[in-house]
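Please examine the sequence and the structure shown here.

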There are 2 protein chains.
Amino acid sequence: MAQNLTSTMEDYLETIYELKKVNGVARVGEIADKLKVKSSTVNSAIKYLTEQNLVLHEKYGYVGLTKEGDKLAAGVKSKHDILFRFLTEFLMINPEAAEKEACCIEHAISEETFIRLTKFFSFLEKGFTDEKPKLLQLFEVYLKTGKRMKCNCER
Amino acid sequence: MAQNLTSTMEDYLETIYELKKVNGVARVGEIADKLKVKSSTVNSAIKYLTEQNLVLHEKYGYVGLTKEGDKLAAGVKSKHDILFRFLTEFLMINPEAAEKEACCIEHAISEETFIRLTKFFSFLEKGFTDEKPKLLQLFEVYLKTGKRMKCNCER
DNA sequence: GCAATATGTTAGACTAGTCTAAGTTTTAGA
DNA sequence: TCTAAAACTTAGACTAGTCTAACATATTGC
């Protein structure tokens with residue numbers, strides 16, 4: 001049952017997932033507000049996702065996720081989060097811009113890239129002794145001044 | 001005249017740009033083959049892009065880019081290239097997968113992120129003394145063995 | 001407890017991007 | 001040189017995702 005969702009549908013799942021995490025429940029109007037679309041649009045998405053057994057919805061009631069839907073949503077969210085970290089911590093993009101950009105890129109990266117990016121962070125974090133990895137400190141200087149500080153790496 | 005193109009339209013511009021670079025000219029059928037759509041689909045895209053003054057096209061003839069179209073296409077191509085490098089050189093994703101993925105992500109990254117990524121590469125390349133940056137060598141070991149080699153960085 | 005308001009649903013229209021099928025123009029080889 | 005094949009174009013249909021407008025249900029405060 002390998003779902004092949006459009007990025008639009010992934011966005012709906014992710015939004016429901018987030019609202020449930022933050023508010024405990026998700027409702028049509030909230031989903032619409034978050035995604036900046038009309039409720040009627042949310043309705044047709046919910047209709048489709050319900051048919052795909054990813055979403056649960058009783059008329060005029062709360063919107064939920066099936067086990068499968070929750071799993072998919074969590075996957076998209078993980079991609080979002082690692083991309084946000086990469087953009088802010090690594091490339092030092094400002095958080096508001098990074099947030100928007102992560103929303104777009106999250107649908108475009110593969111499982112493989114997600115895993116590598118995650119591994120890169122764990123590599124960086126624990127492979128360096130400083131609070132903030134030295135590499136990032138040096139890159140920050142380079143971004144600001146254009147000057148590359150010497151870096152000697154030894155095993 | 002800040003163009004606000006869909007990623008689909010960016011793909012058409014980029015494809016024309018590439019075909020011109022490789023073959024000297026671009027034709028409807030070649031664009032269709034590259035993008036895996038039918039010629040009739042290419043036709044309607046060309047119609048739109050011509051109206052936007054981004055593409056030049058004489059019936060039954062070659063397809064070209066205006067100055068503006070060329071500039072936009074080159075921008076998309078640059079994003080593609082830096083993403084491909086990041087995916088292959090940095091995350092060590094295999095070239096075929098990286099190529100496909102770069103095609104998707106290229107439409108989602110901002111100018112700012114493109115610039116930062118470019119700067120990160122120039123920082124990496126010249127800030128380290130080895131043929132291949134030591135950082136990448138260490139990350140490669142980490143990916144294969146899960147072991148982090150010691151790295152002492154000094155200014 | 002019911003009227004006013006907020007929330008949700010349905011129907012139907014529109015756009016972008018795709019296709020198929022039919023028609024037109026160009027090219028190339030006998 | 002003219003005809004068959006290849007390349008291109010046009011017309012029209014379809015889908016996903018959006019909207020507006022009208023209708024239905026829930027909630028809330030008097």
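H4(A) and H5(A) are oblique to each other, a term for angles that are not under 35 degrees (roughly parallel), over 145 (roughly antiparallel) or 65 to 115 (roughly perpendicular). Helix H4 (residues 67-90) and helix H5 (residues 95-105) of chain A pack at about 140°, and their axes lie 9 Å apart. This is a predicted model, in which local features need pLDDT of at least 70 and side-chain atom pairs count only at pLDDT 80 or more, while totals for chains, interfaces and linings use all residues. Residues are numbered from 1 along each chain as its sequence is written, and chains are lettered from A and ligands numbered from 1 in the order in which they are written.

On the side of H4(A), His80(A), Leu83(A), Phe84(A), Leu87(A) and Thr88(A) meet residues of H5(A), among them Ala98(A) and Ala102(A); contact requires C-beta atoms, placed from the backbone, within 7 Å. By class, this contact of H4(A) with H5(A) has eight nonpolar, two polar and two charged residues.

His80(A), in helix H4 of chain A, is buried because 20 other C-beta atoms lie within 10 Å, the definition requiring 20 or more. Beyond residues up to four places away in sequence, His80(A) touches Ala102(A), Cys103(A) and Glu106(A).

Around DNA strand D there are 18 residues, of which Thr6(A), Ser40(A), Arg27(B), Gly29(B) and Ser40(B) come nearest; a residue is near a strand if its C-beta atom, placed from the backbone, lies within 6 Å of it. H3(A) supplies the largest share of this surface, four residues.

Notes:
Helix = DSSP H or I, 4+ residues; strand = E, 2+ residues; numbered from the N terminus. Axes fitted to C-alpha atoms, helices over the stretch in contact; angles between N-to-C directions. Contact = placed C-beta atoms within 7 Å. Nonpolar A, V, L, I, M, F, W, Y, C, P; charged D, E, K, R; others polar. Buried ≥ 20, exposed ≤ 12 C-beta atoms within 10 Å, placed from the backbone.
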